[in-house]
Structures are given as structure tokens and as C-alpha cells.
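Here is a short briefing to read alongside the model. Keep the 3D view open as you go.

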Amino acid sequence: MTTATGQNEAQELSDSLDKAKLMSMLQRMLVIRRFEERTAQSYQQAKIGGFCHLYIGQEAVAVGSISALRDDDPIITAYRDHGHALARGMHPNYAMAEMFGKVTGCAKGKGGSMHFFDKPNHMYGGHAIVGGQVPLGIGLAFAIQYEQKQNVALACLGDGALNQGAFHEAMNLAAIWNLPAMIVLENNSYSMGTHINRGTAMADDLKQKAQSYGIRYAECDGMDVLDVYDCFAREAAATRGAENPQWERGAIPEYDKHGRTPGPVFINVKTYRYQGHSMSDPQKYRSKNEVQGYKDHRDPIQSLVQHLIEHGVATQEQIDEIDAEAKQLAKDAVKFANESPDTPIEEMYTDVYAEPFGPFKLGEAHEAFRGEE
Amino acid sequence: MAEEMRRDERVFLMGEEVAEYNGAYKVSQGMVEEFGPRRIVDAPISETGFSGLGVGAAMYGLRPIIEFMSWSFCLVAADQIINNAPKMLYMSGGQFGCPAVFRGNNGAGGQLGSTHSWSVESMFSSVPGLKMAIPSTPRDAKGLLKSSIRAEDPVFFLESERMLGFGARGDKDFSRYLHANGNGGPTWAPPAPEDDDNFLIPFGQAEVKKSGTDCTVVAFGRPVHFALEAAEQLEKEGIDVEVIDPRTVRPLDIDTIIESVKKTHYCVVVDQSWPFASVAAEVGMQVYENALDHLDNKVIRVNNDDVPAPYSRALEQEALPHARKIVEAVRAVTYNA
């Protein structure tokens, strides 16, 4: 019943991926890496304001998980959201423009780095209050079940959110109603600068958190995109179509610490972030050797490149070409963001209300303006 | 709620004890029989969890009605209801709205002590992105609730435990003050159920609960009844009070209030939350901003006393913005008339 990675089964799954899918995963990871390098540069040039949290090092998590889902499965995440948006297919131009506070941004410059939204790509946002997005993700799963659709909702959180009540309440709701939710822990071991064991009881045995709610547990290596893909493909299949036992009146649900299939899952993805928590983090809480060790030996992009070459899927030249394109995309995104107009003051009063009144009607006058975008 | 649920399959009700218990206050009595447990959902005591669930479900396209047994219990869910719900549309650049209704009892109940006696209108009405309704009669409750469920924006719907059994505790019926409302009657109550499926009261439209010429009294929710009781007493003293019930705080129908003040030249504002930075303070300020030249005296606020709600019945009742305080305020403000 337990779904901790069974290596043989996993090998079979990713081995069946065709070249196009593998190359697209590599391409997305490289786009995220190069995009984030430009993000850091632009932040240092003060083109980007506020808080800014980079995804470098964790690329395999967003790319591996999202690649294993259907395009219309809703996803929601925390404030380290650039990777998820790009993995979901947001054009880097709109992502960069958002951080530059431009009207061409994915939220018209009203959200910023921590609040990326992309409705056409079913990306329900980056959310910046730690843990606060998990109940929202459960709401997406509830709505899927309510409408009897065959989707799953992906709700991502960082390890710092494990200790928020919102996470625990959401886990409980997912279990009692057997919601089609994939609750994904992007476990990079640090809640800002606090090591997970310093802030989270039983951090060495997170399976118990799932078991205590009767939710299926899985884990995978977040530095290995194929392992992530395998795990999510398998778990998504085991989550889709989850039915609510309480739709039958008078039913008294029973629980099993191994969870239900189909039913919700809690996935512990072990990963590592190379950069500080945010752009303003001198990283005094961990050693340079620790970071360098991951970069040298565990880098998710290098691992995939090695796999592709060893298996004859691609040549170094082909990979270099993809990387060059990714660099160009990132560079172009900065150019696009630079050249886009600031979000005009007139946009201040739009989008406060769907049905505006009083001063918020000021926004209505600018519908025409929005139409031009 | 049942009418709206019959009309729109996307509407569901979730809250503590709404289904099998028939509602802690019997508001949802019989609804699980009609709509089943898929749409009438008993939630565990997890306000953060289920109000956040409502926000997520609304983003996805459903129409949640999230019931708080009491608004006093919503405070543990503040991040979801005032950080997520009202800001989602703005932060997403217009992509994801939150058409959810959060409703429940507001204001002092019956000797529940301070933790259970919150009046949240002043605290929450300062948040842009949400709408807020505070009905004072069964008729307004119905029309405003239906409008709330159909609204595209998040609505905070503030009911009153003390008014749920309206009439049963010997409450006075002041409906005689109301002018005929279209279909023939001055009435507190909504029209008959069989022909009122589309009985909507739009937001931002105040109702003159009692017309008068000498002093404008603005009140929301349960204090409307205190104001009418005061008006009855003052009538005997020859002071003809006009009682205005804005019915919604966001949007606030300041125009109707200003029109009234221009006529009466005096204004008292009644509000059951604490006085500091309150709805009453806001209304008073807007009256100054819009009608200073028409005022013959200052505006006086009548709020709940500026103390945590006491348990003792005598103290609790005295703390409310009750009729005697309103009578005294009207007398004080109109002394120079």
C-alpha cells in the first residue's frame, strides 16, 4: 500500500518518456535557471522591488511535477512561484514584466514576484502568507470533486509551512472528504534560515504527518527530475477520481494510516535551494561547502543532461543549443520588461471589485484601455 | 439560501453543524434533506481550513456560502477572509475573483462574554475588495442575502443572533413606520415565498425605516430597532426622528444620509461596534465632509461602550447602543433646535 519510491516501477515510467517530453523538461528547467539568473541581476539593478525568492536549485520539482499532470489540473503555490509559473507555460516576458511592475505583467504589475497568476494555464497563484495557500488548494480539490471532474489539484508548500495551522486544517479536510488533492512539500531544509529540524518536530520522519491524517504518503528526490516525474505520474493517477465517502448521508468514514486510493496524497520532495531565502539573505546559517556540494554533485539540470547523453537521447551540441535559447529567452524577457510601460496610475482602481461602485467605478473607465493590451 | 441553491447548482453551504444538526441556530433547517450532503456540508471546527476552502472553490468557479456559527469565530481565519478573499481579484490583475458569501451571527448575543460577542463591522469594513451587508429585518435579510449570493465579489453578511427569533422574545414590530413597499404593505417580512424567487435588494441602497423631520438617526442591523424604539419615545416629546438604515456598509449609501441631513440639520449615528475608528466614526466624518453647512450642531455617535463585552446581563445590556442612549443623544444634538 505504501508508495515510497519503488525503484523498478519508477524506472519503467520515466523510461517510457519520449524524446520530445524529455527535451521539453530540460528546456523548462533551463528556462527557469536562466530566467532566475536574470531575475537576480535585475534585482541587483533595482529594476525589481520588494521581496524576491529565487527557484534556482529546485527546478526539477516544478518541472517534474507539473509535467506529470494534465494541462488543466489547477496548481497553487507559495511565494517562491517563478518556477511553477514558467513550468506551467507562462511566457518569461510576462513573468519578468510582472516583477518590473509593468502593465504587461501576468497580473498587470499588481502582484509582483510573490503573486504570479495565470488563469489560462490554470495557475492559481503564488501566495505569500506562509501556509495560507494550502486551504485554497484544498478548495480547488473540493470544487473538482463537487463538479465530478477527473482533475487533481496540486497545492505546494515549503517546509516552513509545515508548522502553520492552515496546513494541518487543510490536511484534515482533504482526508475527511477524500479530496483529489496532491499536497506537495518542497522540502529544501530551510525555513528562511532555520533548519527544518530546529523548527519542525519529527522532521526526520515526515511520513508520520501524512499517516496521522490517513493520507497517502510518497517521497521523491527533488534533485532528479525523472524521479519527481515518476512519483507524480504515479500519485496523480492514484489521486484522480477521489470520491467523498460523506456524500452518502449517515456514512461514518473510516481511516487507514496508509491513506486511500483514489484519494489525497502528501508528497515529500527533498530539494535544495542554491540561493538565499530571498535576495537579501547573506546565508550565515549554512556552510558554503554544503551549497557547493549540491551544485557540484546534485545539480538537477546537470543530472538530466548526463542522463540524456548517457542514454543517447541528445548530444551535448543539442543541449547547448537549448541552453542558448533559454539564455536568449531570459535576456529577451528583461528587454520586454524594460521596454513595457509602467502600470499606469489609471489602473489603480481597476480589479478591486468585479462589480465596482463609488470610487471603484473609476476603474470602469479603463476597460477600453485594457482592451488594447 | 434554498431558493438560490435551487437556481444555481454552483451554490453550496459549508459550516459547522449546518447539515445533520440543522444549523446551530436552525438557519439551515431541512436543507440537507433537500440538497444532500454534497451541497450542505458539515465542516469540522476549522475556520481557517474551511473558509480558505471557500476562497479556493470560488476561484475555481463555485459559489460558496461559508457560515460562521458566530463572526466571533472568524478571527482565527483572518488570513483567509481578509487577506485572501478580498484581494484575490486585484492581486491577480483581474483574473481570479472570489464570489463567496461569508455569513454568521454578529454582535452581542445573550451573555456570552467578550470572546463570543464581536461586532466585526468596523474592523473589517476598512478592507477594500469586500462588500458588507447588515440586515435589520427579515425582509432585508432575504433580499440582501440573495443579492450577496449572486454577487461576483466576496460579501461579509452580518446576521444577528438576537434577531433570529425575531418577535419571539416580545420584540416590538415597528413596521408601521415603513411606507408601502410596492406590493401593498408596510412590512418587515419578505413577500410570500411562492412569488419572490427574484426578490433582490441591491447593495448600496439605504432604506428610510421611519421618516421624520427633526433629526436623522443612522443605524445598521439590530440597533435599527433601538433607534426606532428611541424614535417612538421621542415622538412623545415632539421630536420627529428620521431613521435611516443603510443596510450595506460597503457600498455605503451616503447620498440618502446626506439628503436626510439636509432636511433635518441634525445627525446621530448608531453602531454596535466600538467607537474608535468605527463605522459610526466613518459615517459621521462623511456627513461632515458632505453636509457641514447644513448641520446645526455636531454629529453624535452612539456606539457600544468602549470595553470588552461583559458577561453580567446588566452590564452587557447597558454597554449596547440602546434606545435610552439614542434618546439622550438626539436630545443633546437637537437642544438648540
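This is a predicted model: local features need pLDDT of at least 70, side-chain atom pairs count only at pLDDT 80 or more; totals for chains, interfaces and linings use all residues.

**Backbone details**

- Chain B has a cis peptide bond too, joining Arg250(B) and Pro251(B) with omega at about -5°.
- Pro251(B) belongs to the loop between strand 10 (248-250) and helix 10 (254-264) of chain B.
- Asn178(A) is not a glycine, yet its phi is positive, at about 45°.
- You will find Asn178(A) in the loop that separates helix 7 (165-176) from strand 4 of chain A.
- As background, most residues other than glycine have a negative phi, and most peptide bonds are trans.

**The sheet of chain A**

- Six strands of chain A make an open sheet with parallel pairing, and their order is 2-1-3-4-8-7.
- At the edges are strand 2 (123-126) and strand 7 (216-221) of chain A, each of which pairs on one side only.
- From one strand to the next, the twist averages 15°.
- Strand 1 (residues 75-77) and strand 3 (residues 153-158) of chain A are parallel partners, paired over two bridges.
- Within strand 3 of chain A, Leu154(A) is the residue opposite Ile75(A).
- Helix 6 (residues 133-146) of chain A packs on this sheet and touches strand 1, strand 2, strand 3 and strand 4 (181-187) of chain A. The direction of helix 6 makes about 170° with that of strand 3 of chain A.
- Helix 10 (residues 225-239) of chain A also packs on the sheet, with strand 3, strand 4, strand 7 and strand 8 (265-270) of chain A as the strands it touches. Here the angle is about 165°, taken between the directions of helix 10 and strand 7 of chain A.

**The sheet of chain B**

- The open sheet of chain B has seven strands in the order 2-1-3-4-6-5-10, and its pairing is mixed.
- Strand 2 and strand 10 of chain B are the edge strands, each pairing on one side only.
- Ignoring direction, neighbouring strands of this sheet are turned by 20° against each other on average.
- Five bridges hold the parallel pair of strand 4 (residues 101-105) and strand 6 (residues 155-159) of chain B.
- Which residue in strand 6 of chain B is the bridge partner of Arg103(B)? That partner is Phe157(B).
- Helix 3 of chain B lies across strand 1, strand 3 (63-70) and strand 4 of chain B, and runs at about 160° to strand 3 of chain B.
- Helix 7 (residues 138-150) of chain B packs on the sheet as well, touching strand 1, strand 3, strand 4, strand 5 (131-133), strand 6 and strand 10 of chain B. The direction of helix 7 makes about 160° with that of strand 6 of chain B.

**Salt bridges**

- Over all chains, the structure holds 41 salt bridges.
- One of them joins the side chains of Asp140(B) and Arg247(B), at 3.1 Å from N to O.
- This pair ties together distant parts of the chain, 107 residues apart: Asp140(B) is in helix 7 of chain B, while Arg247(B) is in the loop between strand 9 (241-245) and strand 10 of chain B.

**Where the chains meet**

- The contact involves 53 residues of chain B and 48 residues of chain A.
- About 4,100 Å² is buried between chain B and chain A, with carbon and sulfur atoms giving 64% of that area.
- On the chain B side, Arg38(B), Tyr60(B) and Tyr90(B) lose the most area to chain A, and together they give 20% of what that side buries.
- Two salt bridges are found across this interface.
- Glu20(B) and Arg249(A) form a salt bridge, and their closest N and O atoms are 2.8 Å apart.
- Elements giving two or more residues to the chain B side include strand 1 (11-15), helix 2 (31-35), helix 4 (78-84) and helix 5 (88-91) of chain B.
- Helix 3 of chain B gives the most to that side, with 11 residues.
- Sorted by class, the side of chain B that touches chain A has 26 nonpolar, 13 polar and 14 charged residues.

How values were computed. Residues are numbered from 1 along each chain as its sequence is written. Chains are lettered from A and ligands numbered from 1 in the order in which they are written. Side-chain values use heavy atoms; hydrogens and water are left out. Two strands pair if DSSP finds at least two bridges between them. Helices (H or I, at least four residues) and strands (E, at least two) are DSSP runs, numbered from the N terminus. Axes are lines fitted to C-alpha atoms, for helices over the stretch in contact, and angles run from 0 to 180 degrees between N-to-C directions. Contact means heavy atoms within 4.5 Å. Buried area is the accessible area (1.4 Å probe) that two parts lose on being put together, summed over both. A salt bridge is a side-chain nitrogen of Lys or Arg within 4 Å of a carboxyl oxygen of Asp or Glu. Ala, Val, Leu, Ile, Met, Phe, Trp, Tyr, Cys and Pro count as nonpolar, Asp, Glu, Lys and Arg as charged, and the others, Gly among them, as polar.
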